[in-house]
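Q: Could you zoom in on one part of this and then work outwards from there? I'd like the cut-offs spelled out as you go.

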Protein chains: 2
Amino acid sequence: MKLNILKDSLNDSIQHVSRAISSRTTIPILSGIKIDVQPDGVTLTASDTEISVQSFIALEKEGTEIIHVETPGSVVLPAKFFTEIIKKLPSSDVTIEVRDNFITWIRSGSAEIQIVGLDPEEYPLLPQLEEQSVVSIPSDLLKTMIRQTTFAVSTSETSPILTGVLWNFSPDRLKLIACDRLRMASREAQIEAGTETGLQNIVIAGKSLNELNKLLPDQNTPIEIVVANNQVLFKIDHILFYTRILDGAYPDTSKLIPQSFQTHLTIDTKKLADAIDRAYLLSREEKTNIVKMTLKDERTVEISSSSSELGKVTEQIDTHELTGDLLSVSFNSKYMLDALKVIDSDFISLCFRGAMQPIIMKPDDHGNMLHLIMPYRTTN
Amino acid sequence: MKLNILKDSLNDSIQHVSRAISSRTTIPILSGIKIDVQPDGVTLTASDTEISVQSFIALEKEGTEIIHVETPGSVVLPAKFFTEIIKKLPSSDVTIEVRDNFITWIRSGSAEIQIVGLDPEEYPLLPQLEEQSVVSIPSDLLKTMIRQTTFAVSTSETSPILTGVLWNFSPDRLKLIACDRLRMASREAQIEAGTETGLQNIVIAGKSLNELNKLLPDQNTPIEIVVANNQVLFKIDHILFYTRILDGAYPDTSKLIPQSFQTHLTIDTKKLADAIDRAYLLSREEKTNIVKMTLKDERTVEISSSSSELGKVTEQIDTHELTGDLLSVSFNSKYMLDALKVIDSDFISLCFRGAMQPIIMKPDDHGNMLHLIMPYRTTN
């Protein structure tokens with residue numbers, strides 16, 4: 001294997017696949033990046049068994065030669081050292097050559113590096129997915145949907161299925177749901193189902209989705225999603241992102257949502273978020289995060305928290321609209337802030353069924369998003 | 001105590017004194033910030049016993065009223081919560097009022113906060129320094145001198161005096177020296193000694209100097225340094241920075257520097273630094289940091305490192321000038337990089353007395369700085 005490649009292109013591609021490098025792998029070959037050089041370009045691969053990322057670099061880009069292949073071939077190079085040394089090479093041009101025993105020579109300007117490579121035959125094969133179940137979704141929308149739900153997954157491994165986000169496909173809609181027993185976030189959107197009619201529901205680990213989100217471009221480039229038995233593949237331009245589908249049945253979260261409410265409140269999202277943020281500062285010091293919301297009258301909501309050691313925070317905000325019974329409810333302010341942060345609308349609606357019943361939050365201007373927060377049972 | 005103050009000015013002042021707040025203090029009152037309101041302005045004080053910082057806010061700044069004092073007085077408020085809540089207040093205007101039992105009311109826009117304050121009488125007094133031993137030095141120069149030496153202090157508590165930087169005052173010069181047995185950095189400059197003739201040498205903890213450096217402005221504002229028996233005070237505009245002088249005798253480092261050399265090398269600073277940085281990447285993986293410099297001939301220096309597991313990095317750099325014996329020397333590349341980073345000159349001189357003798361490095365264009373690095377004794 002021998003080739004010439006522009007440093008910046010190689011570097012970009014390494015950054016992409018690095019998402020799948022775990023510093024704590026128990027499988028030595030997976031601490032490496034696999035490099036495959038074919039006559040038409042170079043493919044880098046990295047995997048931590050949960051996710052695998054493949055990035056392809058074509059010979060040319062916009063008329064500029066990126067790669068000159070002398071001899072095709074493959075090698076696996078230790079990810080950390082390879083990543084760092086490529087970044088710091090003195091010239092914009094890099095020659096990579098694999099000699100006997102996978103010893104790899106890297107030359108750039110005056111620098112000459114020999115890296116002890118590993119046998120690419122030992123590298124696990126990526127899953128071959130049958131491309132029968134394909135949907136397409138614009139990258140920016142997908143990115144937003146992931147951001148608006150993934151924060152709510154459970155971090156506890158006691159019920160592994162809740163560490164994932166449910167992807168609920170219906171013929172022309174996709175709905176993402178995350179929940180951790182004390183809160184729930186859901187977001188849906190219209191999608192083009194492509195040739196596919198009955199796509200199954202799948203659950204993908206929140207951690208994997210956070211890595212995927214870093215690779216998704218902010219533009220509305222279409223992203224193809226290929227779903228197979230136990231793997232799902234996201235096709236992002238020249239990057240392939242594979243992740244495992246979590247085993248197990250996701251709970252039916254629709255039962256959590258009350259069907260009728262005593263009280264409806266509409267309020268300025270930012271004003272509410274800022275007031276809760278100040279009250280959170282105090283409740284965080286107490287390590288409880290408990291903040292209280294009191295509907296004082298039709299026009300006034302009071303946000304407060306108190307700590308016997310530190311003091312008290314109180315703030316009154318004007319409502320936009322308030323109908324139904326007045327009440328007082330305490331909740332985990334961190335959870336409330338997480339939800340408020342991902343709601344992009346200027347006003348939000350909160351629906352209450354009582355001090356001990358789930359709080360429902362929705363943007364005021366559309367019904368594509370819903371957040372649920374369980375209240376705290378406090379004595380006052 | 002009651003006053004009105006602009007949030008941004010209060011915030012700036014809190015940021016200054018926060019440098020002296022330790023998260024691990026064993027003295028409860030020192031986890032607070034002391035606020036003194038006098039008719040002419042507000043003084044904030046924080047201390048962790050090693051360093052103390054005082055910041056004064058005047059009633060007016062450039063014709064704008066910053067503070068309106070209703071009733072003078074004092075209180076101590078818990079630093080962390082006070083700092084964070086002031087940052088997040090809704091209005092640019094803040095009212096602070098201390099009522100019974102040091103309960104402090106903070107009002108800003110719609111937000112009302114009560115903080116349980118502490119008795120200011122319990123707050124330790126700052127040292128009163130006699131202003132007899134005063135020198136003045138431009139802030140930017142002082143900042144540079146600290147940056148160019150402090151990195152080389154010892155981090156080991158086995159000889160506490162070496163965790164400090166020696167401040168060597170002569171009638172019109174100041175020289176800072178830091179050393180940790182394997183390396184040494186020194187930097188001197190001409191200063192105005194003011195009225196002072198025989199200022200003593202002092203040693204100041206590297207940690208304290210790093211905090212001081214964050215408060216020093218980048219301009220050439222004069223900084224007054226007041227030296228007393230066991231304390232030194234830096235006067236930075238409206239900020240006073242006190243720190244303890246370390247006890248003990250600082251070793252005589254001049255003995256470490258060889259008086260004659262076999263070999264003199266002048267070389268491009270950046271090219272040398274970049275090559276050593278690449279070799280360091282490999283040696284760091286081996287956890288040795290050992291890099292070898294070989295003077296091949298009059299024109300060529302080779303930088304290399306190798307690891308049986310990972311591979312080898314080799315690079316040749318052109319010399320600017322090389323006189324004397326050719327030799328090969330191994331050293332801790334992290335130490336060499338630390339020194340190269342603070343040398344602002346384009347070319348540096350390296351002087352060698354042999355493979356086992358200290359390496360001396362100086363900027364090529366002035367003699368105000370000197371770095372010493374002990375070589376490794378390797379078998380090849």
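A: Let's start with burial: a residue is buried when its relative accessible area is under 20%, exposed when it is over 50%, and partly exposed in between (1.4 Å probe, protein chains only). With 1% relative accessibility, Gly32(A) therefore counts as buried. Before going on, some bookkeeping: this is a predicted model, where local features need pLDDT of at least 70 and side-chain atom pairs count only at pLDDT 80 or more, while totals for chains, interfaces and linings use all residues. Residues are numbered from 1 along each chain as its sequence is written, chains are lettered from A and ligands numbered from 1 in the order in which they are written, and side-chain values use heavy atoms, leaving out hydrogens and water.

Back to our glycine. Gly32(A) belongs to strand β2 (residues 32-38) of chain A; strands (E, at least two residues) and helices (H or I, at least four) are DSSP runs, numbered from the N terminus. Taking contact as heavy atoms within 4.5 Å, and skipping residues up to four places away in sequence, Gly32(A) touches Ile21(A), Thr45(A), Val76(A), Leu77(A), Pro78(A), Ala79(A) and Tyr123(A). One of these, Thr45(A), is 13 residues away along the chain, with 8.9 Å between the two C-alpha atoms.

Now hop to chain B and look from the threonine side. Thr45(B) sits in strand β3 (residues 41-47) of chain B and is buried, at a relative accessible area of 2%. Outside the four places on either side in sequence, its contacts are Val17(B), Gly32(B), Ile33(B), Lys34(B), Asp36(B), Val53(B), Gln54(B), Tyr123(B) and Leu126(B). With Gln54(B), the Thr45(B) side chain makes a side-chain polar contact of 3.0 Å. A polar contact here is a pair of N or O atoms within 3.5 Å; within protein, one must be able to donate a hydrogen and the other to accept it, and residues adjacent in sequence count only if both atoms are side-chain atoms.

How do the two chains relate?

The term means a side-chain nitrogen of Lys or Arg within 4 Å of a carboxyl oxygen of Asp or Glu, and the count over all chains is 42. Lys80(A) and Glu285(B) form one at 2.8 Å, N to O. This pair runs from helix α2 (residues 79-87) of chain A to helix α5 of chain B. Both ends are partly exposed: Lys80(A) has 47% relative accessibility and Glu285(B) has 25%.

Another salt bridge stays in chain B, pairing Arg147(B) with Asp344(B) at 3.6 Å, N to O. The two partners are 197 residues apart, Arg147(B) in helix α3 (residues 139-150) and Asp344(B) in the loop between α6 (333-342) and β26 (347-352). Arg147(B) is partly exposed at 39%, whereas Asp344(B) is exposed at 53%. Shared partners also tie Lys2(A), Glu70(A), Glu97(A) and Arg99(A) into one salt-bridge network.

On to the nonpolar cores, meaning sets of buried Ala, Val, Leu, Ile, Met, Phe, Trp, Tyr and Cys residues joined through side-chain atoms within 4.5 Å. The largest has 101 residues, and Trp167(A), Met293(B) and Leu350(B) have the most contacts inside it. Helix α5 (residues 269-285) of chain B gives the most to this core, eight residues. Apart from it lies another core of 100 residues, including Leu327(A) and Ile51(B).

Last, the cysteines. Zero disulfides turn up over all chains, a disulfide being a pair of cysteine sulfur atoms within 2.5 Å. The sulfur of Cys179(B) has its closest cysteine sulfur in Cys351(B), 19 Å away, so the two are too far apart for a bond. Both count as buried, Cys179(B) at 5% relative accessibility and Cys351(B) at 9%.
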